[in-house]
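Here are my comments on the model you sent.

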Amino acid sequence: MSPLTPQQQLVVAHDRGAALVFATAGAGKTTTMTARIERLVRQHLFRPGEILATAFNRDAAEAIKRNLKRRGVEGVQVQTLHGLGYGIVRQAGKLGLRPEASEDKGGFDGVERRILWAALDEARRRKVEYAAELNRLDQDDFLSFVARCKGNLAYADLSRVELSPAARRIASQAAAPEDRAWYLPLFRLYEEVRRSRGWISYDDMVTSAWELLMAHPSLLKAVQSAYACLLVDEFQDVNLAQAELVELIARPHGNLMVIGDDDQTIYEWRGAQPRFILEFEQRHKAKVYFLEDNFRCRASHVALANAVIVHSPARSPKSVKLTQGFDGETVLHRPADETAQGRAVVEQVQRALRDGRRAEGIAVLVRLFAQTAAIEAALLEAGIPYRVEGERPFYQREEAKVLLDYIRLGQIEADLLAGRPLSDDGVDEFLDLWPRLRNRPNRYLPKAVGEEIGQWVAEKQQPINTALRAFASRSRGKGGEQMEKFAADLRWLAGQVQPESIGVRPAHALLTDLENRLGYRAELLAASGDESLGRAKAGAIDALLQLAQGQGSVERFIRFVEQLESSHQRRKGGAELVTLTTIYRAKGLEWPVVLLPGVSEGTLPYERGESLAEERRLLYVAITRAQERLHLFAPADRPLSRFLQEADAENLLAQVSRIRHALSLPPARWGAEELQSVAGLAKGLGFYSFFAFWWSGDKLYRQQMAQAILAGLSLPAEDRRFWQALAEGRTPATAPGQAALGQAALGQAAPVSAKGRRGQRSAIAPSKTRPRFQRTRQRGNEWLRGIGAFFTALRGLFPARK
C-alpha cells in the first residue's frame, strides 16, 4: 500500500473523542479510514469487535471490508446505517420490545411500492374523498415524499404515534406539498396498512431503530455498550434520523469520527442536510481535519471544480489539491440543440474507443434520466453497446412501452371489428393490456367500470369501442365524454394497423399521430409532482419517436425493438459497455473518460430554484468523477449553465492550457507568456503545492523552471522564497497563498521522480502510481527543518521505517 500523506497521517493519529474529517473528492478517505482502524486495533486502543464503521451503501461497506482485510484486520463491525438500524429493530423484537419485524414475501426490494399498492386498494375500497386523484398518482413522487418525511422524522400523524417525550421534541408533523394536499391522508393510510401487516420498509429501518432506542433505556444501553468507537463515512448525506441514531449510540464515550464533504451533499431531496456536517464541530467540540489532495483528477478538472464550488454559500472553506499533473483534458462543447448534443456525445465516445479506451472506462453522466433517451438513440444508431445504470433502457420504460402496447391493442380491436374472434392467448393478452392502458392517459375511468368493460369484451368478443360507448351512455359528465373519446381513438387506431397496412405504414408517422391523439406526453409532464420525473417520462416518448425515424414500417419497428430488448438481455452477461447514469449514482465512482451533457440553464441547474445550492454541488461531483478526459456539452439553443458562467469556465480552461503548453517546452525557451503562466496563473489556480510536493517529472527540469522564473520575473518576497527553494532543490516551507505547509501538509516531501526507458518523464504527465513519500530518517529531518518543535514532536507519531 502507498504511504499515507501527512494530512492522512494526522487523521490516522486521532485516538479518542469527536473528530470531523472534511475529505474532498478523490482524497483517499476510505484508505485513511481503514488505516486509522488498523492503528487503533494494532495499538490496542479498541478491540476490533467494538469498532463500528458505517458506509453509505453496500458497495462502500464491502470496499471498507476489503481494505481492512488487506491490512490484516478482521472482526470490525462494518455495515450501512440502514443495516445498523434493522439490526436494532430485530434485536428489539427478540427482546419482546416490539413485534418481530415482518418482511413482505417479496423481500425488502420494492416493499415501499407494495405497501403503496395495498394502500391504494384500501383507499378505493373506502371511497376516500381524494379517490379521483389516485388515477393520476405519480407513485415515484409520492414514495419520494414518504422517504423524505421519514428521514426527517416527520410523521404522517404525530398525535397518534407513541414516542417518548424526548423523541417527541425532535419529531415533527409531516406537511403535504402545497399542490398535493391529499398526499398527507394517503401517507396516513400508507402507514396504517404497513403497521397492520407488520411490515418494515427500507425507510423505516433507521427511523424505527431511533424510536426504539429513545423509548427503551435498556435497549439503548445494550447498543451503546456494544460499540466503543464509531466511524461514519459520507456524513454529508445523512438525514435527521441517521444523524440522531449515530449520535445517540456514541453519546456515552464520544468516540465518533465523521467523514464527508459538504460540497458533495447531493441528496437534500430525500432528507440529507449539509448542516449536520457543518455544525458537527460546534455540536461535539470536535477536532477538525482536512483531506484535500486529489489522487484522481488532472489540472483542468481540479481548476474547474474549485472554480465552480467556490461560489457555493455556507460551505466549509477548502479546495481540491492537484497531485496528478497537467495531462488529460477538459473540453466544453456547444452543439446546436439536444439532438446534435446526442450526436456530439457519441462522437466523443467513438474517439475514446478509437484511442484505445475500454468501453467500461467511459461514462455519460446526466442530471435526469430524461436525458439518456436521446443519447441512447444516438448510441443505438452508432452501434455502440451501453447500459443504463439505475434505470431501464428508454425503450423498456413504461412510458415508451405504452405507445407500443397501444399498437397491439389496436390490432386486437381491428380483429374484433372484423369479426375475427380472439384465441385464448389473444384473450389473455387483451386482459393483460387493458388494465394498463385504460387510464393512460387518465380518463377517470373507475376501476370497477374498467374491469367490467374488460370482462364484457373478453366474454362477448365484441369490439372495445362498442363496450366503451355502451358504458358511456350510462355515465354523465367528464367520465362519459372520456369514454366516447377513447372509443373514437381505438376505432381510428384499428384502422391504422390493419394487417394490410401495418407492414407499410411508417412507424414514426403512426406513433406521432397516436401520441398527438392521446396527449399522453403532455399528461406526464403535468401530472408529476416532481417536474424532473415528468420530464424523464416524457423524454422516453420523445426518444422512441426519434428511434422510429428511418426504421420503416410499424411492423418492422416493433421487431427492431424486440431485437433491442433481446440483445440487452444478452449483454448483461459481462460484455464491455459504455455506462449511462445520473450524477447521483456516480457518487464515489470514477472513469477515465466522463461526458457530461446538458450543462445549461434548465437542466443543470435544473429549473427548480429552491435547490440551487445542491445543483451546484451536483456539477462539482460530476466534474470530479473524471480521471483523464472530461467533456461538457451545453446546447447552444439554451443559455450556458450559470455555474460555468460564474466560473468563467472557458477562460479558466484556456489558462490551464497555457500552463500545460509552457511545461511542454524547455524553460530556456520560455518567453514572458510562459513565465507568467507558470508563476502567475498557476498560483491563482492553487497549483503551487503540486510543483513543490507532487512533481513526478525530472527534478532538474523543475530546478531550471524555478531558475527561469527567478531570472525573468519580479516577484513578491513570498513567491521568491518559494521558487528559490525549488531552484536550489529544496522543499519550500510555505506556498504562497496557503497556510504553513506544516499545518496544511505535515512534512510532505517531493515524490521520487520517475524515469522512462528513454530519458526522463514529461513534466506534464503524472506518475502512473500515487507518488510515494520518502520515509527515511534523513528525508524526514529535511522535511521538518524550520517548521518548529511542534511538528518535530508530532513526527514521533510516525517513526521512519528502517
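**Notes on the predicted model**

1. In the protein chain, 77% of the contacts with a separation of 6 or more are between residues 24 or more positions apart. Please keep in mind that this is a predicted model.

2. The protein chain has 802 residues, of which 56% count as buried. The secondary structure of the protein chain comprises 37 helices and 18 strands.

3. Strand β2 covers residues 51-55, and five of its five residues are buried, so β2 is largely enclosed by the rest of the structure. Buried here means under 20% relative accessible area.

4. Which residues of β2 lie on each side? I51, A53 and A55 are on one side, L52 and T54 are on the other, and all of them are buried, which leaves both faces of β2 covered. In a regular strand, side chains alternate between the two faces of the sheet.

5. Strand β6 (residues 229-232) pairs with β2 in the parallel sense, over four bridges. Within β6, L231 is the bridge partner of A53.

6. Strand β3 (residues 77-80) also pairs with β2, in the parallel sense and over four bridges. Here the bridge partner of L52 is Q77.

Conventions. Residues numbered from 1 in each chain as written. Predicted model: local features only at pLDDT ≥ 70, side-chain atom pairs only at ≥ 80, totals over all residues. Heavy atoms only, no water. Buried < 20%, exposed > 50% of the residue type's maximum accessible area, 1.4 Å probe, protein only. Helix = DSSP H or I, 4+ residues; strand = E, 2+ residues; numbered from the N terminus. Pairing = 2+ DSSP bridges. Contact = heavy atoms within 4.5 Å.
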